[in-house]
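Dear colleague,

Please find below the structure that I am handing over to you. My notes on it follow directly after.

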Amino acid sequence: MQPIEVLEAEDGHAAVERFKEFTSPVIVLLDINMPKMDGYQACMEMRAIEKAAGRKHPSQIIAVTALSGEGERHRGLVE
């Protein structure tokens, strides 16, 4: 069994920087309501990093949020 490494970030910018540092994260838990950069923007930047690196197996990004409106759900699934 491989050990699990957990990294934390205090805001969206830090989350993207941690993502860059971590070679191939399998799962990312990403809060939508973060300071400095929201989870939507952080997710888009993470996907751009993966695309630029040519990753064939992208990370599973799971949005964690207290937002419950239909618009937020749609944006999280589509964008």
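**Findings on the model**

The face of α2 turned away from its buried side carries two exposed residues, Lys-51 and Ala-52. Here buried means under 20% relative accessible area, exposed over 50%, and partly exposed in between, with a 1.4 Å probe and protein chains only. Helices (H or I, at least four residues) and strands (E, at least two) are DSSP runs, numbered from the N terminus.

The model is predicted: local features need pLDDT of at least 70, side-chain atom pairs count only at pLDDT 80 or more, and totals for chains, interfaces and linings use all residues. Residues are numbered from 1 along each chain as its sequence is written, and side-chain values use heavy atoms, with hydrogens and water left out.

Helix α2 spans residues 39-53, and its 15 residues reach 21 Å from the first C-alpha to the last, close to the 21 Å expected at 1.5 Å a residue; the expected span is 1.5 Å times one less than the number of residues. The buried residues of α2 are Gly-39, Tyr-40, Ala-42, Cys-43, Met-46 and Glu-50. They lie on the same side of α2, because they cover an arc of only 165° around the axis, the arc being that of the directions from the helix axis to the C-beta atoms. An α-helix has 3.6 residues a turn, so residues three or four places apart point the same way.

At the N-terminal end, α2 is capped by Asp-38, which has a side-chain oxygen 3.1 Å from the backbone nitrogen of Tyr-40. After α2 comes Gly-54, with a positive phi near 70°.

Asp-11 is placed in the segment before α1 (12-21) and is buried, at 6% relative accessibility. A polar atom of the Asp-11 side chain lies 3.0 Å from the backbone nitrogen of His-13, and the Asp-11 side chain also reaches the backbone nitrogen of Ala-14 at 2.8 Å.

Val-26, Ile-27, Leu-29, Ile-62 and Val-64 make a nonpolar surface patch of about 490 Å². Strands β1 (27-31) and β2 (60-64) each supply at least two residues of this patch. Ile-27 belongs to β1 and is exposed, with a relative accessible area of 54%. Ser-59, in the loop between α2 and β2, is buried at 2% relative accessible area. The C-alpha atoms of Ser-59 and Ile-27 are separated by 5.6 Å, although these residues are 32 residues apart along the chain.

With kind regards

Note on methods. Polar contact = N/O pair within 3.5 Å; in protein donor to acceptor, adjacent residues only side chain to side chain. Patch = residues over 30% accessible without salt bridge, like charges linked within 9 Å, V, L, I, M, F, W, Y side chains within 5 Å. Areas by Shrake-Rupley, 256 points an atom, 1.4 Å probe, with all protein chains shown as cover. Salt bridge = Lys/Arg side-chain N within 4 Å of Asp/Glu carboxyl O.
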